[in-house]
Amino acid sequence: MIGLLIVGIILLFGVVVVQIGRVTDLTAKIRGEEAVSRSITNSQAKWLMVFCVAFLVYCVASAIYYKNSMLGYGPHEAASAHGGDIDSLFNTTLFFTGIVFVLTHVALFWFTYKYRRVEGRVGIFFSHDNKLELVWTIVPALVMVFLVTNGLVVWNEVMPDVDPNAEVLEFEATGYQFAWDIRYPGPDGKLGTKNFRLINLANNPLGQDWSDPKNIDDFHPTEIYLPVNQKVRVRITAKDVLHNFYLPHFRLKMDAIPGLPTYFVFTPTKTTEEYREELSKYPEWQVPADPENPNGPQKWELFDYELACAELCGKGHYSMKRIVKIVSQEEYDEWFNSQTGYYIQNIRNTNDDPFKAQLLPYEVEARSQELLSEVEAALIEDDPSTISINLKNVFFNIGSAELKDDSKYELDNVAKIMSEYNDIAIEISGHTDNTGNANSNIVLSGERATAVTQYLTEKGITSERLKAVGHGQTIPADTNDTVEGRQNNRRIEMKIISQNL
Amino acid sequence: MSEVTTFNEEVLIEEQGYDDHFHEHHHEDKYKSSFIFKYIFSLDHKIIARQFLFTGMFWAIVGSAMSVIFRLQLGFPDESLAWLKPMLGRWIMMNEETGIGTLDPQFYYALVTMHGTIIVFFVLTAGLSGTFSNLLIPLQLGARDMASPLLNMLSYWFFFLAGLVMFFSLFLSTGPFSGGWVAYPPLSALPQASSGSGAGMTLWLVSLTLFVVSVLLGGINYITTVLNLRTKGMSLWRMPLTIWAFFVTAIIGLLSFPVLVSGFFLLIADRSLGTSFYLSEIFINGQALDYVGGSPVLYQHLFWFLGHPEVYIIILPAMGIVSEVLSVHARKPIFGYKAMVYSILAIAFLSFIVWAHHMFMSGVNPFISNFFVIFTLIIAVPSAVKVFNWITTLWGGNIRLNSPMLFAIGFVSMFISGGLTGIFLGNSAIDIQLHDTYFVVAHFHIVMGVAAFFGMFAGIYHWYPRMFGTFMNETLGRIHFWMTMIGAYAIFWPMHYLGMAGVPRRYYRFDSFDAFGQFTTMNEFITIAAIVTFAAQILFVINFVWSIKNGKKMTTKNPWLATTLEWTTPIKAGHGNWPGNIPTVHRWAYDYGKDGKDFIPQIMPLSEKEKAEEVH
């Protein structure tokens, strides 16, 4: 039905058009070609002048109307250190091109109007003038030289990479169909290596090589947080097709290319809050964000910097959004410290973990902090000797009293604490589970406790401060009916027995 | 030879003309022997020109209708497009509950891609250059036909074949190619990345390869004809600017299109033979692919090595046509003829060393961009010279304001508006912000889309009598002009503001981003303007078709009182163009208003006075 209607309208349109054509041919015949053409020439010339004026007014008026929504104007001052240079270069270019635009249009339409056809007049035979040609070759050339010089100065300030040794915050953005993955280097400040063949959508979206220790603390946040006034280098990559890392408010854009990492260096200069504050001064932003809810937050309160894709990448190209938050250094640090590494969250001690059942430096460090605080907690007790501190990861081979290498870090921590608190004495006690002979268990646990105190002595702790006892299976910490329970029962404990040496 | 004051072309040609013994050959009959050889597999350049024009117009309607559909999506994203279901089928996704039909994003991107490909290659390259080079090169040079009529015919049929393949691709179940007209890999190389990159892309590559064959066959022919078949007296410096433009266009095409094809061949190899020219380290659809070591940026270099000259392949013929039309209807010589030729040559030369300005943000070394910025902005100088010369041509004229002239003036306005925004984009620092935003869309649509169309319209209205022996209706022509002029600015001017607000191009909808979704009214306005402007083009097509039979008849050979040779042939010129001798040429093409005469045709021998001046 609608199809028929459309066909009908088109046919009707055609008929009208043909009739207009017929009518004009007829009037031309009746009034005479010359008379008709004269009146047409005059009216067309007039309309061209009207068009010229209306067009120029429309250009200026519409520009003013939309001024505050365009980047670089009104509230939209650039939010990066280099952005202002780009905006002012834009305005310089606008100044020169604006003059040329108006002058050439006025000349074009005014000459057309002024020299419209008059019967019998002959045009002026003016075929060339080398002076004029020279003028309008040299003047544009000079303007271009000016604009090119300015442009290249800005370009070469914006684009260079950072000095490899410079203090810079680096993060990585990886585009894929149809979203961005963000990766931060974690406390070590270094992004770990990647290999596209390692990508696994279940637990390794970026193909990070877990055997690279730099990867261990890398984290994948959902939003990009950056501290204000900090130079940032963003490393830009893609997994599948071309994308483009585009931050309009920061005047930043760079293609993301599979197999060819690119980068962009910039310094955010305005926090999200500051940008919102600027927006709040403009009435068009002082309206409720949701028209259905007039008491809800206003538009400016919900403003956020957005990351978009600016290179056609397939049917979801229009939806690759991430929020970018620019915050103060303190807020950034707080956010940064609250992030957990992707490896720690998803990979640690799974089958994909190359360091499975091995301790990693960060874990050793964390344990040493933990042990210290346990000792400190015991020391403020009235009688510290009532507190048993379990020494984790002190291992022996089955039936043997020889320390495994893995155990030594914990004992090093004990030695360190003891040299710090040089007035305490401790008791090291060995415990076993209930397998085997109870008496030989007591002997074995005693030997193991002694092995520990010997190791501590080697580390420079005098033997008067150490006491070793073996309790065998007499003081279980857990049930002996399960594997885990028995494991928990096989242990070395320490107790502070004196703190006034 | 006594001074000739009044003249009769036939007598002049008979007296002055050059006898090439054309009438002694009887091959003429062969072409006219049957309908098929006269109108379909014709060897006559005038028929081939019309074939290019009709085919170009068909593609222009298809290509711009596509833009109307995707403008509906952009202007009214929440309106139901269910009424398009009979035409687009499953590309309209129906919501069973509400009955609302939405355009499939995949097909949106297919429409955008096809719109670009069709308009750039099929309409503004083949339709524009193919039509007018074929029509005017032999006629304005005083040649019987092209140097090789056979290659010329093949040129059209390769174009036709290219069109056929592309048209077929529109009906594939996986859809036509949808990765943008620039077809950047990996998107264009991997069917996993987009359903249009499967069979659609294969056909796209086949079609454009055939198209390049067409361009090369045509181009080599144009160049040969210009260099070898000029009539007696037609020195290079007496050629009309149209011919200069077509000649240089053909040279650019001959040098740059092969590079595009080599780029395509490497892409075909990557797609079918497992090579890695453009592909490296790709993980897609849950799978790591084997390609390593290639660079997608290489394709961009090869593509834009054609792609940039291509915009001059499009605009130079329009410039040539406009120079001619402005001069004829202003009744004045084109101002600074030599400067115009030199600026065409300068633009052509520079067009080869600016390609990477499309790639400032593509990850190429920023240092290299310095050179491309310099060369790019130098192009503004010859372009400015041309604009000033056109305007000065109007100064002191006696201007007829008919349809061809209105479009020529409109062209100058569009070329200024669109050209000036190029100065922003060519400066790499500003391009950081504007690259791939609507500012670019506004820029290139105005400067090479609308402007080239205006040149084409000026040419069609101007040479329509030469092609069909009738005039197009003037009133309709003027309505067409005003609707198109106002409509085109209404569509594309506001897009600058979108671009300056950072809105990226090639977005299916804008409301997924707060920053881009704030221009609903403007997008509605643009869409309505696009529909109205499209309607104006339908009006043009009706006028065009209707006037072939019903238009005002051409009663004199030279209705515009122009100086050039195409207006000395009989109204119904047969194959061979001039029934008897070939006219000889005694002067340049722009003696308008000289010595108090309205115009002096090129076939007119120099007067005694002129001879005396020439001696000095």
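Author: The answers below go label by label. Keep in mind that this is a predicted model.

Reader: Why is I344(A) called partly exposed?

Author: Count its C-beta neighbours. I344(A) has 17 inside 10 Å. Buried needs 20 or more, and exposed means 12 or fewer. The value of 17 lies in between, so I344(A) is partly exposed. The residue sits in helix α7 (residues 342-347) of chain A. I344(A) and I216(A) are 128 residues apart along the chain, yet their C-alpha atoms are separated by 6.8 Å.

Reader: What makes β3 and β6 of chain A edge strands?

Author: Look at the order of the open sheet: β3-β9-β8-β5-β6 (chain A), five strands with mixed pairing. β3 (224-227) and β6 each have a single partner strand, so one side of each lacks a neighbour in the sheet. From one strand to the next, the twist averages 25 degrees.

Reader: How do you know that β5(A) and β6(A) pair?

Author: Two strands pair if there are at least two bridges between them. β5(A) and β6(A) have five, in the antiparallel sense. Five meets the cut-off, so they count as paired. Within this pair, F245(A) stands opposite M254(A) in β6(A). A helix packs on the sheet as well: α6 (residues 329-338) of chain A touches β3 and β9 (322-327) of chain A. The direction of this helix makes about 140 degrees with that of β3(A).

Reader: Which hand does the crossing of α6(B) and α16(B) have?

Author: The crossing is left-handed. The axes of α6 (residues 105-141) and α16 (residues 438-468) of chain B cross at roughly 35 degrees and come within 11 Å. The contact includes L124(B) and F132(B) of α6(B), and A452(B) and W463(B) of α16(B).

Reader: What classes of residue make up that contact of α6(B) with α16(B)?

Author: Nine are nonpolar, two polar and none charged. Gly counts as polar, and G449(B) and G459(B) of α16(B) are among the contact residues.

Reader: How many residues does each chain put into the contact between chains A and B?

Author: Chain A gives 94 residues and chain B gives 107. Elements of chain A that each supply at least two residues include α1 (2-31), α2 (33-66) and β8 (305-309). The chain A side divides into 53 nonpolar, 26 polar and 15 charged residues.

Reader: How many residues of domain 1 and domain 2 of chain A are in contact?

Author: Eleven residues of domain 1 are in contact with 18 of domain 2. The centres of these two domains of chain A are separated by 42 Å. The domain 1 side has six nonpolar, five polar and no charged residues.

How values were computed. Residues are numbered from 1 along each chain as its sequence is written. Chains are lettered from A and ligands numbered from 1 in the order in which they are written. This is a predicted model: local features need pLDDT of at least 70, side-chain atom pairs count only at pLDDT 80 or more; totals for chains, interfaces and linings use all residues. Helices (H or I, at least four residues) and strands (E, at least two) are DSSP runs, numbered from the N terminus. Two residues are in contact if their C-beta atoms, placed from the backbone, lie within 7 Å. Axes are lines fitted to C-alpha atoms, for helices over the stretch in contact, and angles run from 0 to 180 degrees between N-to-C directions. A crossing is left-handed if the near helix is turned anticlockwise from the far one by less than a right angle, and right-handed if clockwise. Domain bounds come from an automatic or database domain assignment.
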